[in-house]
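Hello,

Here is the structure I said I would pass on. My notes on what was found follow below it.

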Amino acid sequence: MPLTSAAADAFGVVTICLVAILILFGLLCIAYSFYLRSRVCSQGYFQLSYFSGPWIIRITFILFVIWWGVGEIIRLSLLRRKGRVLNALDYKWQETICKGYIVSNLGFAEPCLLLTLVFLLRAPLQKMESGILCRKWNGKTAVYVVLFCLPMFVFQLLVILIGPQLRKDKSGSKRLPHYFTASATHGMQNAASDIALCAFPLLNTILHGVFASVLTVYLFWLGRRILKLVINKGLQKRVYTLIISVSSLLPLRILLLGLSVLSKPEHFLYEALAFSAFLALLCCAGVCVCMLVYYPVADSLALGNLRDLELSRRYADEHSETISLEANQNHLEESGLIGPGRNSDASTKRGSISFRACQRDETPSGPFVELSLFAPGRDASPPGSPPLLGWPMRPPPVDPKAGQGTEFSW
């Protein structure tokens, strides 16, 4: 079934809208990550340093997702039709843009995206000193991602550059079919001009599929290891969601790309398969951004807000205790004004509550616990002072030898 312009435009518009939503969500997560980092550094939330440690790699992961999304928009035939952005370019330049898309997305953006995902999942399994809490972890991880992606980038670039020479070989035994290395094909716009429809070369797709398959298996193994360490049920659900998304959507994308190679770019089936492959990686990237960037940052900010609430509650409790103590002091002072006989010692005592057990022969009124609200460290009342406020005690048992109490009970 030939691809109509209406169907191509519909696929293009939906693709642009989905990529725009993904980019906006990614920018929101980047701002969220910067906000968490600023709170950790400025307000002293050092307990949250472990959760905010990989903030640079999280932002890098989102930037790779945005890079990939922009590349998917450039691939669309919607931009090459009459009156559109890329229609002013001739066929040769449009074909060069399609080659750049293959090298950029299949050779750099997607491999870096998967490698960054691997390092983010490996981070909780590393030691604290050499892992997230290490100041150099973000820089080392970024360098490792680029180094591990470099071979795939070189291979994709070589296939794109050498592919035309392989097709032009005069030896019939070495001649490859067109779809093995072709990154673009002719799509007639009218009798006077044609446009370049981007295609997925089979050799480039095979290289990308092998690389993505190996990383998918490794990600599945990492996910199983993380599940053994997670106790919280909410985190377990997140890890399950991440594992299922990665292990199912990435192989599906590889399969759909392989099937699209077997169909012609000017047919509706090719555009449907290419859009389905785009949708599979879009959903996988969205799930990864949610689970590895948005939710960890939101949880960390929630912990910081709980800490602020706890400090506010403690301050309110201390303030209430201070007010209560002042009220008790005023009450006792008023009582002293009403009863002058009890005001002799209260006017000279300042401090906190203390308890004193008197000996039997010290006062004629018997043993009691003195409630010295405002006199710390004073062990005896002045001679001749009136009886002190207190709670009566049972007389302690008397040691016949010493004649003093050995213990007391309330």
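A term first: a surface patch here is made of residues with over 30% relative accessible area and no salt bridge, and nonpolar side chains are joined into one within 5 Å. Please keep in mind that this is a predicted model.

Surface patch
A nonpolar patch of about 660 Å² is formed by Leu150, Val154, Phe155, Leu157, Leu158, Leu161, Ile162 and Leu166. Ile162, one of these residues, sits in helix α5, which covers residues 137-167. The relative accessible area of Ile162 is 41%, so this residue counts as partly exposed and clears the cut-off of over 30% that a patch requires.

Overall make-up
The protein has 10 helices and four strands. Their order from the N terminus is α-α-α-α-α-α-β-β-α-α-α-α-β-β. Of the 410 residues, 41% are buried.

Largest pocket
The volume of the largest pocket is about 790 Å³. Its lining consists of 30 residues, and those nearest the centre are Pro124, Leu235, Met291, Leu292 and Pro296. Two or more lining residues come from each of α2 (49-52), α4 (91-122), α7 (202-229), α8 (233-261) and α9 (268-338). Helix α8 gives the largest share, seven residues. Sorted by class, the lining holds 23 nonpolar, four polar and three charged residues.

Regards

Note on methods. Residues numbered from 1 in each chain as written. Predicted model: local features only at pLDDT ≥ 70, side-chain atom pairs only at ≥ 80, totals over all residues. Heavy atoms only, no water. 1 Å grid on protein atoms, 1.4 Å probe; cavity = no way out; pocket = protein on both sides within 12 Å on 5 of 7 lines; lining within 4 Å. Points joined across faces, edges and corners; volume = space filled by probe spheres on them. Nonpolar A, V, L, I, M, F, W, Y, C, P; charged D, E, K, R; others polar. Patch = residues over 30% accessible without salt bridge, like charges linked within 9 Å, V, L, I, M, F, W, Y side chains within 5 Å. Areas by Shrake-Rupley, 256 points an atom, 1.4 Å probe, with all protein chains shown as cover. Salt bridge = Lys/Arg side-chain N within 4 Å of Asp/Glu carboxyl O. Buried < 20%, exposed > 50% of the residue type's maximum accessible area, 1.4 Å probe, protein only.
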